[in-house]
Amino acid sequence: FFITLLLFALIYILKNYFKKNIVEEISFMKTNVDKLVSGDKDVEFFVQNNEKFAKLNQSLNDLKRSYGYKANRMSKIIEFTGVDFAMFECLYAIDTNLFSKNIPILLGLDQNKWLELKTEPKKFENYILELEKQMNDEHLIELNGRYLSIYSYQWEDEFFGVIMDCTKDIHKNTILQNRLEQIETSSQIDTLTNIYNRKGFESHVRQYFDNHLTEGILLSFDLDNFKCINDNLGHQEGDKVLQTIAQCLKESFQNQDIIGRIGGDEFLIFIKDIYDKEIVREKANALIKKIHEYVTANNYPKEISISMGIHIDNRPE
């Protein structure tokens, strides 16, 4: 009887000891771990009854301080990011997201969407990864009027990265490209007559043949004895004559035709996709008539005449 009673007493004592010193300690640590994972960084691990758990509690406190230090470090770094640059880090071990303040602005997120993403690391990660899939070959995505470049990385239980707003650079490059195109265009224009110069004429004819298998018609046109206008009436009057002829050429031919001044009083006209010789002759005769009327009306010297050549399918007419 005494032996049985002693066994029951021993079992009771061991059970209470185990419950108080082992189970309660483990339950206490589990509760604090759950709090830490949920984002509560104010928890503290300490020994209640069993000193043998001291080292384990110390390790947990070190782990908590490590993530706390990392969170504070990232927060300080993120505070110094500019308006065109943002950083983010998702710490899954403590269920915490760290963001630059400008991220919702860069991503164009409304308040409800931002509240949904900022509190759940996995949702934010999936959102960022989906945006990255939509980026073009230049690693850019257009989002709410902004051109963003996103770089994200995954390492163990962390997801982090940067977002760069490249809108200003894109606009600067566009403006620069437009300026270069304007410079290139202006370099191909004859400043006196506002039609193509030799460079512009040759460039556009070459471009036409690069993109079309069809052929065209080339008209060469120049004023004979133009020098007598400059000598007798002055270069200012000569410039006026050249400007008027250029205007006659533009009025006589269509917008798609290429008109250029390749020398002092020499002009070239390239007509696209016209093969009827009679149409070409009619255009040439109408042009000659218009210029003759202009020369006569202004009482220019009778020595002024017009020379014109027409080339169809590379055969001179």
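**Figure 1. Contact between helix H9 and helix H10.** In this predicted model, Lys240, Val241, Thr244, Ile245, Cys248, Leu249, Glu251 and Ser252 of H9 meet Lys283, Leu287, Lys290, Ile291 and Tyr294 of H10, where contact means heavy atoms within 4.5 Å. By class, this contact of H9 with H10 comprises seven nonpolar, two polar and four charged residues; Ala, Val, Leu, Ile, Met, Phe, Trp, Tyr, Cys and Pro count as nonpolar, Asp, Glu, Lys and Arg as charged, and the others, Gly among them, as polar. Helices (H or I, at least four residues) and strands (E, at least two) are DSSP runs, numbered from the N terminus. Residues are numbered from 1 along each chain as its sequence is written, and side-chain values use heavy atoms, with hydrogens and water left out. Because the model is predicted, local features need pLDDT of at least 70 and side-chain atom pairs count only at pLDDT 80 or more, while totals for chains, interfaces and linings use all residues.

**Figure 2. Crossing of H9 and H10.** The axes of H9 (residues 235-252) and H10 (residues 277-297) come within 10 Å and cross at roughly 150°. Axes are lines fitted to C-alpha atoms, for helices over the stretch in contact, and angles run from 0 to 180 degrees between N-to-C directions. H9 and H10 are therefore roughly antiparallel to each other; angles under 35 degrees count as roughly parallel, over 145 as roughly antiparallel, 65 to 115 as roughly perpendicular and the rest as oblique. The crossing in which H9 passes H10 is right-handed: a crossing is left-handed if the near helix is turned anticlockwise from the far one by less than a right angle, and right-handed if clockwise.

**Figure 3. Packing of helix H4 against helix H5.** H4 (residues 111-118) and H5 (residues 121-133) pack at an angle of about 115°, and their axes are 6 Å apart. H4 and H5 are therefore roughly perpendicular to each other. Lys113, Trp114, Glu116 and Leu117 of H4 meet Lys123, Phe124 and Tyr127 of H5. The contact of H4 with H5 has four nonpolar, no polar and three charged residues.

**Figure 4. The open sheet.** Five strands form an open sheet in the order E2-E1-E5-E4-E3, with antiparallel pairing; two strands pair if DSSP finds at least two bridges between them. Strand E2 (96-99) and strand E3 (141-143) are the edge strands, each pairing on one side only. On average, neighbouring strands of this sheet are turned by 25° against each other, direction ignored. E1 (residues 85-91) and E5 (residues 158-165) pair over seven bridges in the antiparallel sense, and glutamate 158 in E5 is the bridge partner of leucine 91.

**Figure 5. Two hairpins of the sheet.** E3 and E4 (residues 146-155) pair in the antiparallel sense over three bridges, with glutamate 142 opposite tyrosine 147 in E4. Their hairpin has two residues between the strands, and asparagine 144 takes a positive phi near 55°. E4 and E5 pair in the antiparallel sense over eight bridges. In the hairpin of E4 and E5, which also has two residues between the strands, glutamate 156 takes a positive phi near 50°.
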